[in-house]
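Subject: Structure for you to look at

Hi,

Here is the structure I promised to pass on. Please open it, then read my notes below alongside it.

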Amino acid sequence: MIPIHPDDILIFNEITVAMRLVAKKYDLPLKSISGLPMPASGMADRMGDCSSSGNIRLVLRCTVNGEWCDAPLNPDEIYDTAAHELAHLKFMNHGLDFHSK
């Protein structure tokens, strides 16, 4: 399965542009942004992740048993996740510095 539903490409492109602008403004080491298939189990509530090498992945649409759900996530949720993952480019954990800045 591809990590981005074909109907979500416009919102993905919009969010990618916004994230790159924020990263540039705050001098964050963003290298790539890609889709993330919703985990089937374990961290099934994970909506994104960020690697220490600057790669961010975002869930844009939930899946059930490997199949796409009918509707994408709310754009506000996706933007909130994008902001959260961008913050990890500065603070790689959820410690006091992450929450106080």
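Start with two helices. α1 and α2 pack at an angle of about 30 degrees, and their axes are 11 Å apart. Axes here are lines fitted to C-alpha atoms, for helices over the stretch in contact, and angles run from 0 to 180 degrees between N-to-C directions. Helices (H or I, at least four residues) and strands (E, at least two) are DSSP runs, numbered from the N terminus.

Before going on, note that this is a predicted model: local features need pLDDT of at least 70, side-chain atom pairs count only at pLDDT 80 or more, and totals for chains, interfaces and linings use all residues. Residues are numbered from 1 along each chain as its sequence is written, and side-chain values use heavy atoms, with hydrogens and water left out.

**The helix pair**

Which residues of α1 and α2 meet? From α1 come Ile11, Glu14, Ile15, Ala18, Met19, Val22 and Ala23. From α2 come Pro75, Ile78, Tyr79, Ala82 and Leu86. Contact means heavy atoms within 4.5 Å. The residues of this contact divide into eleven nonpolar, no polar and one charged. Ala, Val, Leu, Ile, Met, Phe, Trp, Tyr, Cys and Pro count as nonpolar, Asp, Glu, Lys and Arg as charged, and the others, Gly among them, as polar.

**The sheet**

Three strands form an open sheet in the order β1-β3-β2, with mixed pairing. Two strands pair if DSSP finds at least two bridges between them. β1 (32-35) and β2 (48-50) are the edge strands, and each pairs on one side only. Neighbouring strands are turned by 15 degrees against each other on average, direction ignored.

β1 and β3 run parallel, joined by four bridges. In β3, Arg57 is the bridge partner of Ser34. α1 packs on the sheet and touches β1 and β3; its direction makes about 155 degrees with that of β1.

β2 and β3 run antiparallel, joined by three bridges. Asp49 stands opposite Arg57 in β3. The hairpin of β2 and β3 has four residues between the strands, and Gly54 there takes a positive phi near 95 degrees.

In a regular strand the side chains alternate between the two faces of the sheet. Look at β3: Ile56 and Leu58 form its covered face, Asn55 and Arg57 its uncovered one.

**The core**

The largest nonpolar core has 21 residues. A nonpolar core is a set of buried Ala, Val, Leu, Ile, Met, Phe, Trp, Tyr and Cys residues joined through side-chain atoms within 4.5 Å. Buried means under 20% relative accessible area, exposed over 50%, partly exposed in between (1.4 Å probe, protein chains only). Ile15, Met19, Leu30, Ile56, Leu58, Leu86 and Leu89 touch the most other members. α1 (9-25), β3 (55-58) and α2 (75-88) each supply at least two residues. The largest share, five residues, comes from α1.

Take Leu30. Leaving aside its neighbours within four places in sequence, Leu30 contacts Met19, Arg20, Ala23, Gly54, Ile56, Leu86 and Leu89.

**Two more residues**

Beyond its neighbours within four places in sequence, Thr81 contacts Met47, Gly48 and Leu58.

Trp68 is found in strand β5 (residues 67-68). Trp68 has a relative accessible area of 23%, so Trp68 is partly exposed.

Best wishes
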